[in-house]
Number of protein chains: 2
Amino acid sequence: MAFDVLAEARRQWEVRHWDAPAAMTAATSIMRVHQIILSRVEDVLRPFDLTFARYEALVLLRFSRRGALPLGKMGDRLMLHATSVTNIVDRLERQGYVRRVPHPRDRRTTLAEITEDGRRIVGKATEAVTATQFGMGALDPDQLDALTDLLRIVRVDAGDFPG
Amino acid sequence: MAFDVLAEARRQWEVRHWDAPAAMTAATSIMRVHQIILSRVEDVLRPFDLTFARYEALVLLRFSRRGALPLGKMGDRLMLHATSVTNIVDRLERQGYVRRVPHPRDRRTTLAEITEDGRRIVGKATEAVTATQFGMGALDPDQLDALTDLLRIVRVDAGDFPG
DNA sequence: TCAGCTTACTTGGACGTCCGAGTTTCGGTC
DNA sequence: GACCGAAACTCGGACGTCCAAGTAAGCTGA
């Protein structure tokens, strides 16, 4: 592509005097960069037979004290619906990276526990992903933090946390 | 949620001396804000029976000179695979917002043409979406542009356009 | 104690995205 | 003029996400 399609979209938007061109452009940029990062990270994860969603879930379990968390808590931390967590844990379990374990005291609750294979793969996958800087190698650390700070404002506004 | 799960993830990441914590946090923030924006915009679009993807496609056709574009060109502009465009045009056509028209000279090519209904709905939908500032009302225009500028660097790096 | 509300997870279905593979058509080359 | 690679689109399948609805289990209060 020889030109910036988002800049062109904004130009058209402004020519027609439509509202909120800056917000439109920023939102569309987010959509596009999301797509870029996801694509780059998943290219690197593919040899491990992992997607970004499953990789994140494994990292979460790897970081937890006992290597196990209730599915509901996983949904809170990953900010996913319960159904998405069920789906992800299903697949990870089929791959042998995770095991479903009943909660010792609450029979409603299921724990997902990372296996030895899971620990091994998350280590290797992390090496590969960090080597690509999560697809954001074009930004220096200050720019990355500036970006994170701007995005935090949107997250607070959405009620992710008090701020 | 009473705390910033991404800040907590970064803390854990750094405690273990894993690499590229700033990139990890920025990438994860993008993922989350993408989800927030998409959810907010689609909430507003739901009454029109549109998704963001289909809305964007309609806007693109609305902006085009003849109200019609080859599917391939739509894919370039929207940065989507050909199969995604086929899917979106299928649905828009079923809704009566778009019509498939054969290309006058190249029989391989199909044009998607916006209908009168399509023009009407895109106007109404745009009013609704801009009223919500594309879910980014928490940022002022300067911050939106700063965000767009940072994201542009990633897009150029990914080869979206020469820069 | 037990009825009713809440919590935790699963199921079924819709949607958008991608990939790989296939069909039709175009166009340049020999 | 025929061949062969390239271009444009479609099809089938996988995946992740969401929503609505359903089931099982815990909890609360009269």
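**View 1. Surface near DNA strand C.** H5(B) contributes the largest share of the surface near DNA strand C, five residues. Helices here are DSSP runs of H or I with at least four residues, numbered from the N terminus. This is a predicted model, in which local features need pLDDT of at least 70, side-chain atom pairs count only at pLDDT 80 or more, and totals for chains, interfaces and linings use all residues. Residues are numbered from 1 along each chain as its sequence is written, while chains are lettered from A and ligands numbered from 1 in the order in which they are written. At least two residues each come from H4 and H5 of chain A and from helix H3 (52-63) and H5 of chain B.

**View 2. Surface near DNA strand D.** Of the 23 residues around DNA strand D, those that come nearest are A:Thr51, A:Thr83, A:Arg107, B:Gly72 and B:Thr86. H5(A) gives the most to this surface, with five residues. Helices supplying at least two residues each are H3 (52-63) and H5 (82-95) of chain A, and H4 (71-78) and H5 (82-95) of chain B.

**View 3. Contact between chains A and B.** Chain A brings 54 residues to the contact and chain B 54 residues, where two residues are in contact if their C-beta atoms, placed from the backbone, lie within 7 Å. On the side of chain A that touches chain B, H2(A) gives the most, with 15 residues.

Conventions. Near = placed C-beta within 6 Å.
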